[in-house]
Amino acid sequence: METRVLILGGGATGTGLARDLALRGVDCLLAERRDINAGASGGNHGLLHSGARYVASDAAAAVECREEGELLKRLAPQCIEDTGGLFVAVEGDDENYIANFESMCAASTVPTRPLDLAEARHLEPTLSDKLIAAYATEDASVDPFMLSLDNLAQAVDRGARYLRNAKLVEFEVDGGRIRRSVFLNQTTGERFAVEAEIVVNATGAWAGMVAALAGAHIDILYSSGSLLVTQDRLTTRVVNRLRKAADSDILVPGGTVSVLGTTSVTIDSPDLCRPTVAEADAIIDDARAMIPVLETTRYIRAYAGVRPLVLVGGSGDARSVSRNFSLIDHEKDNVDNFVTITGGKLTTYRLMAERTGDLVCAKLGVDASCTTRTEPLPASTKGEWTEPGLGPRRWIGERDGDDIILCECEMVSRKAVNQIIEGMDGQYGSSLLNSIGLRSRVGKGPCQGGFCGLRVTGHLYDEGYVSERRGVHEMHAFTRRRWRGLRPVLWGLPLVQADLQEALYCGALDLELEADVRDDGGDL
């Protein structure tokens, strides 16, 4: 295969870069070893930062977040819920930080205004009665999966190509250039090569490992962060703890649920990123001071993402390392057609793609400016089913008599599942069931796949997408992936639900006797 630009990594930055280059008329191919948002882009709060969180620790990042957040609200409204935000302090919080907060926001041009405590509690009744300060900010929530899928959809419409389940095996470097990038097709087991004029490493936390294949070095600290998902939406707005950045200080409403977190634990490898029981307990124990109902609410899932923090001038604590992004031209490593973009935040993905696109075009001699700062991101059918509440609205308003519900918690119908499959253009990868779950609300409700896993698998058999033991293998991988997130929050109703799920999958189907499989559906 040949292309002008090979993009490695299918997260927000990689898909954003594919769109950026496609709009400039530059031929590009995006290759992802798993699926869309497999890394940090799929393991975050879904918070569109106003910048207020960084006014004390990183003024430059605060300004970038404010500017990019304003742009995304205007250019990608289908991906954004403009909730607004609150920063609140409770008894015992640092009063010096509280006193300086408004002036720090003003210095970074981040809009904020003080609130009377009674007004804050009126806006968000779940807030603690021990508040001592409250400020209104312009935070919002963003659907990262819809964002990446919509970026990729427009890129493909403009001529870009996309491969998933394509694992990079090696670079063939000669004369200071990457001549060929060799991949393993993880669905078929076959190897193939791509020749590109420029290779862009947008693999996030895996950027250092990919760079090493080309003989380059990037010093990255892996910071794992765990988050909890509540069954219900607890607030209307994003609620931040008014203190220096720490664990358990952000609650983000997203659709019908809320996401609480996060932690910051340094790990040795991004592949070791997992939520733990201890982290779940610690998050709730700390955050209940801000919102007391967090102690008794039902949690349906935990998940984790890993932040790639690029170290400059030695190592440091994960909380003290800059959240800014790093754009690296590997000419300094004697590989002149290799570029890495890593670090940063979901909020600044478009800016990261723009800066990378500018560098790539300069190296290619292409005179084309970035247009993503002004051109709206079109909504696409590829990402629409990730929207909470769309399933029931479509089923009630547009269904025909033959349509049936396959996922009761999120009201995802058979027709919706068929549309999602058609939208994958035949790239089903090693687990069609997990791919459907990523592109929809399937498995995201209170039952966490307990019932819909069975129903969707049955539908895949009926439609001929799977046969023999393949569907059972996929159901095993899907269930295990959901279990990984359910396990850290097993108390109360979720524990009862897990007993029922065990009876269905193990007691009735002997699923625990299946050969072990990877989370993506492939055999170990």
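A charge sits over a ring when NZ of Lys or CZ of Arg is within 6 Å of the ring centre and within 35 degrees of the ring normal. The charged end of Lys345 meets this condition over the ring of Tyr54, 5.2 Å from its centre. The charged end of Arg394 sits over the ring of Trp385, 5.2 Å from the ring centre.

The model is predicted: local features need pLDDT of at least 70, side-chain atom pairs count only at pLDDT 80 or more, and totals for chains, interfaces and linings use all residues. Residues are numbered from 1 along each chain as its sequence is written, and side-chain values use heavy atoms, with hydrogens and water left out.

Aromatic rings also meet each other. Rings of Phe, Tyr and Trp (its six-membered ring) pair if their centres lie within 6.5 Å; planes under 30 degrees apart count as stacked, over 60 as edge-to-face and the rest as tilted. The structure holds six aromatic pairs. One of them joins Phe183 and Phe192, which are stacked at 5.4 Å centre to centre with 15° between the planes. Buried means under 20% relative accessible area, exposed over 50%, and partly exposed in between (1.4 Å probe, protein chains only). Phe183 is buried at 1%, while Phe192 is partly exposed at 22%. Elsewhere, ring pairs link Phe87, Tyr97, Phe101 and Tyr135 into a cluster.

Tyr97 of that cluster is also in contact (heavy atoms within 4.5 Å) with Arg243. Leaving aside neighbours within four places in sequence, the other contacts of Arg243 include Asp93, Ser248, Asp249 and Asp286. Arg243 lies in the loop between strand 14 (238-241) and strand 15 (250-254); helices (H or I, at least four residues) and strands (E, at least two) are DSSP runs, numbered from the N terminus. Arg243 counts as buried, at 17% relative accessibility. A polar atom of its side chain lies 2.7 Å from the backbone oxygen of Asp247.

Helix 5 covers residues 144-157, 14 residues in total, and reaches 20 Å from its first C-alpha to its last. That is close to the 20 Å expected at 1.5 Å a residue, where the expected span is 1.5 Å times one less than the number of residues. Helix 5 is largely enclosed by the rest of the structure because 12 of its 14 residues are buried. Among them are Phe145, Leu149 and Leu152, along with Asp150 and Gln154. The buried residues of helix 5 pack against helix 1 (12-23), strand 8 (140-142), strand 9 (161-163), helix 8 (349-364) and helix 11 (432-438). At the N-terminal end, Asp143 caps helix 5, with a side-chain oxygen 3.1 Å from the backbone nitrogen of Phe145. Just after helix 5, Gly159 takes a positive phi of about 110°.

The cysteines form zero disulfides, a disulfide being a pair of cysteine sulfur atoms within 2.5 Å. For Cys361, the closest cysteine sulfur is in Cys370, 9.3 Å away, too far for a bond. Cys361 is buried, with a relative accessible area of 2%. The sulfur of Cys409 is 3.9 Å from that of Cys447, its closest, and this is also too far for a bond. Cys409 is partly exposed, at 35% relative accessibility.

Finally, Glu95 is found in helix 3 (residues 95-107) and is exposed at 59% relative accessibility. Glu95 and Thr386 are 291 residues apart in sequence and 41 Å apart in space, C-alpha to C-alpha.

Conventions
Polar contact = N/O pair within 3.5 Å; in protein donor to acceptor, adjacent residues only side chain to side chain.
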